[in-house]
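Welcome! Here is a short briefing to read alongside the sequence and the 3D view, taken topic by topic.

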Number of protein chains: 4
Amino acid sequence: MGSITSERIRVRYGETDQMGHAYYANYLYWFEQARGAWCRARGFTYKQLEERGFFMPIVEAHVRYRGEVRYDDIIFVDIHLAEMRRSAIRFEYVIRNETSGATTTEGYTWQVVMGTERKALSIPDGLRELLNREPACAATE
Amino acid sequence: MGSITSERIRVRYGETDQMGHAYYANYLYWFEQARGAWCRARGFTYKQLEERGFFMPIVEAHVRYRGEVRYDDIIFVDIHLAEMRRSAIRFEYVIRNETSGATTTEGYTWQVVMGTERKALSIPDGLRELLNREPACAATE
Amino acid sequence: MGSITSERIRVRYGETDQMGHAYYANYLYWFEQARGAWCRARGFTYKQLEERGFFMPIVEAHVRYRGEVRYDDIIFVDIHLAEMRRSAIRFEYVIRNETSGATTTEGYTWQVVMGTERKALSIPDGLRELLNREPACAATE
Amino acid sequence: MGSITSERIRVRYGETDQMGHAYYANYLYWFEQARGAWCRARGFTYKQLEERGFFMPIVEAHVRYRGEVRYDDIIFVDIHLAEMRRSAIRFEYVIRNETSGATTTEGYTWQVVMGTERKALSIPDGLRELLNREPACAATE
């Protein structure tokens, strides 16, 4: 539903494995970095959400690895908010490998919104407004 | 389809994040460790497969995080071979948290079998025999 | 000064990099796992220390990488308490690679003892007693 | 001896641990990222070195953790080449936390130059010239 935010990442040496590609778990770190960029593009940070007592742990993750991502490659993680329910949201991700020119990866994650007692909340209006924002000059960075 | 192999893992401090639980990417490391144990329980190692020219990169991963996994918890990753196709296999995983008593996580991964030229292969008979083995006293360790 | 505790670890695929060895940062995870084992061998856990309000963040780490550690290798991390000061302790580590037969790595870490306000503490007598214990049948596990 | 190159990094959520700071092993990933930036600032990449048959595994690492690095902090890793011997070089690192304003970390790493047979080499003149370069407009990126 929402607009796409794009996060540029250079692949670290330590993110490869002996097969010569990025190890499959590292994509989840890149998805997380993209979620942080998605928030900042909308004028807030995930850190601020936690400071206000909102936590958004991952309850489901899915990744389809189609192509190669190698050391020192520049990748772009395109992220958008795909779905919002009463107390959960889903992000979708596409990774484009700028170095190889290929779209290499697709995935999604479900996050549940929790309060300080670590129980699922109905997403409150104020938070819903933030999540529905369009990216803007409002970026904090 | 196949029998279950169970791998015991103690959660490392560095596997937690500031929310106080294991970070979501680390489950994919534990799944990998369980795949290694699954092979050893059947009398071979994934390392040997690579030495013989077989590579099994992950092409899809899915994880459902239901419960908490914390520092120093003992978890068991129950893994079984759920599906075998012409050139790909699928493992299913269930994580039981011995410390909390809860079943916390479910997931699966698809692996493609590749040769030294890094192209998908029809799984050869010799390899198919290894993958269809029952766990036995034959364990290498 | 203290007795050695030995922690056995099998190297994960995701701990290697494209050079074919374990990536240099992962040794610090193994040192941490060995510190946890060192505590358990003495009848307590690091987790319990944190629950009682003691935190022991690392303030210095040193590693000398002499030999190769590869995927699926079995390594032993030999750890002992080498030094105790007013509010800090130093562990020394030696990694023996059982698979290759070589002693591959040496290192040390300094930890500062902090209280819940995250300030350095004089190590209290009760904690000093725990740290000076000999490993025993008293292990919690 | 050489000029400083500065690499800007935003700390990932997955790089924190339950103490609320960046886990101590992650600094070695950041040092590595800074080494990559150091090369690029001088008109080549570490990837190219490996493609030409030069490998520079770490043989020693030292880190002094003085201050806090937290999730979402912006840090700068200042790296310079501190020493060059017959077949090894040493980089020094200082991490400045832009978010907190503090200099939080100091460290160094020794790298040995190896050839394709994975034996230490006298650093050849061509490589020595690259390593002695000043950063310039010549950056590849």
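A residue is called buried if 20 or more other C-beta atoms lie within 10 Å of its own, exposed if 12 or fewer, and partly exposed in between, with C-beta atoms placed from the backbone. Helices (H or I, at least four residues) and strands (E, at least two) are DSSP runs, numbered from the N terminus. This is a predicted model, in which local features need pLDDT of at least 70 and side-chain atom pairs count only at pLDDT 80 or more, while totals for chains, interfaces and linings use all residues. Residues are numbered from 1 along each chain as its sequence is written, and chains are lettered from A and ligands numbered from 1 in the order in which they are written.

**A helix in chain A**

- Helix α1(A) is mostly covered, with 16 of its 16 residues buried.
- Just after α1(A) comes A:Gly43, with a positive phi of about 90°.

**Chains A and B**

- Two residues are in contact if their C-beta atoms, placed from the backbone, lie within 7 Å.
- By that rule, 15 residues of chain B are in contact with 15 residues of chain A.
- On the side of chain B that touches chain A, α1 (26–41) and β2 (58–65) of chain B each supply at least two residues, and the largest share, 8 residues, comes from β2(B).
- That side of chain B divides into 12 nonpolar, 1 polar and 2 charged residues; here Ala, Val, Leu, Ile, Met, Phe, Trp, Tyr, Cys and Pro count as nonpolar, Asp, Glu, Lys and Arg as charged, and the others, Gly among them, as polar.
- Two strands pair if DSSP finds at least two bridges between them.
- Strand β2 (residues 58–65) of chain A pairs with β2(B) in the antiparallel sense over 5 bridges, and A:Arg64 has B:Glu60 as its bridge partner in β2(B).

**Chains C and D: how the copies relate**

- Which strands make up the open sheet, and in what order? There are 10, in the order β1(C)-β3(C)-β4(C)-β5(C)-β2(C)-β2(D)-β5(D)-β4(D)-β3(D)-β1(D), and the pairing is antiparallel.
- β1 (5–10) of chain C and β1 (5–10) of chain D stand at the edges, each with a single partner strand, so one side of each has no neighbour in the sheet.
- β2(C) and β2(D) pair in the antiparallel sense over 5 bridges, and C:Ala61 has D:Val63 as its bridge partner in β2(D).
- Within chain C, 7 bridges join β2 (residues 58–65) to the antiparallel β5 (residues 103–112), and C:Tyr65 stands opposite C:Thr105 in β5(C).
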